[in-house]
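Please read the following points with the structure open beside you. They are meant for someone meeting this model for the first time.

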Amino acid sequence: MIGRKKIIAIVACLSGTVSFAAASAQAQTTASAAPNPPAEICVNNKCVATAAPAPIAAKGSIKWNPGHYMASGSVIFRGGSLASVQSEMDDLNNQDAILGYRVWVTWGLLESTQGNYDFSVLDAVLARLKTAYNKPKHLVIGFWLYGQHAIGNNDGSVLPVYIQQDKAYGASPVNGRYGWWGQSSNGASTGMYAPALYNQAVMDRFIAMIQALGKHLDGDPYVEGIYVQEDATIAQAASAFKPVDPNYSDNAWLTQIERLLTATTAAFPHTSVIMANSWFDRPPSTVALSEWMANNRIAPGSADTWGQSGITTYGTSHLSDGMQLLLGVDQYGGAGDLRPKTRAMMDVQSAELLGPYFSQFGGPWTPLDIINALNQTYYASHAFWTHFFGTETGYGSPVPAVAKWSNLAATCAAHPLIHTDYPQNYP
């Protein structure tokens with residue numbers, strides 16, 4: 001709900017049914033092995049060694065546990081710990097239809113100084129998911145990529161401080177600060193900001209962190225997915241405020257996203273990689289990324305998950321560019337319906353469940369109305385449902401009874417997702 005829309009900071013939650021491809025008892029078809037080439041090729045008594053063939057991934061090699069998941073209603077920033085999310089996590093106990101938990105973490109949490117990574121908070125969350133409840137639960141790691149408030153000196157809550165101190169990472173709107181862009185006035189940060197990941201030097205460091213995380217966690221059967229927050233966040237920070245970042249362009253951002261996602265699938269060869277492709281400044285880059293994702297085993301994610309009644313009444317033209325492309329109903333020249341090839345993994349955030357934000361389109365919607373859309377329109381394999389204790393308010397509206405976690409989880413249990421087959425575009 002960023003980019004051309006208002007930023008919504010509350011996190012979503014994943015929902016579904018169990019099916020674990022990498023470690024399940026169900027047989028998977030193994031790709032045929034290519035014949036090995038000769039050790040060397042000789043012409044006129046001159047010989048050249050041949051390269052070893054690239055390994056062919058077995059079909060079904062990616063962990064696959066589709067269904068309903070809880071998603072955190074908060075973010076773990078630098079200095080945070082398991083304690084900040086444990087109370088909501090504990091509502092997973094005895095909820096067998098809720099397969100796991102999507103946590104939001106920041107880059108600043110995971111890398112304190114250059115090349116020094118600390119994954120202990122994620123380890124603690126994962127350990128609790130595997131041991132503290134009546135059944136082990138799966139983890140989806142979401143990268144929260146922006147700060148909602150002004151960034152102060154030595155503020156590493158979202159972006160590591162070393163990035164901000166080195167001019168190699170590109171200018172910011174604040175003199176002497178680097179590697180980010182966002183809302184500012186008179187040379188001071190005044191609001192929302194995000195890392196300048198469209199700059200290759202910044203992205204190189206983010207990719208290095210992803211590579212280290214992949215070595216640490218890809219092999220764990222309970223790590224289900226890696227979720228990259230929507231691209232509109234970065235585009236908005238760079239271009240929605242004055243002054244804009246002169247180094248930003250949709251093409252530069254698209255190039256770096258594709259680098260990131262390529263590196264992430266390489267670092268996590270057995271784990272789903274999810275990208276919330278919602279908006280760039282202009283639609284052509286969204287088209288290009290949607291089609292590239294479908295061809296490179298990246299699952300499409302999205303915020304702003306409408307209920308089916310809203311889609312039926314108001315159509316699809318107000319959905320994000322990325323979702324229109326998934327459905328094959330865009331006006332931008334997309335390749336057509338991508339749902340037979342890939343599986344969407346959708347966020348259900350605060351505005352969909354309470355408050356007037358979507359009132360002109362029939363929202364907020366009930367959880368059942370949204371599940372109907374997940375099954376009938378989005379063909380979602382995973383759904384991330386925001387955890388509400390029932391005491392929160394959004395846009396001045398209290399949480400309705402049906403959206404409180406105990407009631408929401410019961411609705412999910414009674415209404416499973418149906419498009420849970422292993423995706424065609426997965427190895």
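**Notes on the predicted model**

1. The buried residues of helix α8 pack against α7 (250–267), β12 (272–276), β13 (298–302) and α10 (321–327). Please keep in mind, here and below, that this is a predicted model. The buried residues in question are Pro283, Ser285, Thr286, Val287, Leu289, Ser290, Trp292, Met293 and Ala294.

2. The length of α8 (residues 283–295) can be checked by simple reasoning: with 13 residues at 1.5 Å a residue, the helix should span 18 Å, and because its end C-alpha atoms are 19 Å apart, the two values agree. Just after α8, Arg297 takes a positive phi of about 55°.

3. The largest nonpolar core has 122 residues, and the members that touch the most others are Tyr101, Ile141, Phe143, Phe206, Leu261, Tyr378 and Trp385. Helix α5 (residues 200–217) supplies the largest share of this core, namely eight residues.

4. Asp123, which lies in helix α3 (residues 120–131), has a relative accessibility of 31% and therefore counts as partly exposed, since that value falls between the 20% and 50% cut-offs. Leaving aside residues up to four places away in sequence, Asp123 touches His216 and Leu217. Although Asp123 and Leu217 are 94 residues apart along the chain, their C-alpha atoms are separated by 8.9 Å.

5. Strands β9 (residues 180–185) and β10 (residues 188–195) pair in the antiparallel sense over five bridges, and Trp180 has Pro195 in β10 as its bridge partner. Two residues lie between the strands of this hairpin, in which Asn186 takes a positive phi near 50°.

Key. Residues numbered from 1 in each chain as written. Predicted model: local features only at pLDDT ≥ 70, side-chain atom pairs only at ≥ 80, totals over all residues. Heavy atoms only, no water. Pairing = 2+ DSSP bridges. Helix = DSSP H or I, 4+ residues; strand = E, 2+ residues; numbered from the N terminus. Core = buried A, V, L, I, M, F, W, Y, C linked by side-chain atoms within 4.5 Å. Buried < 20%, exposed > 50% of the residue type's maximum accessible area, 1.4 Å probe, protein only. Expected span 1.5 Å × (residues − 1). Contact = heavy atoms within 4.5 Å.
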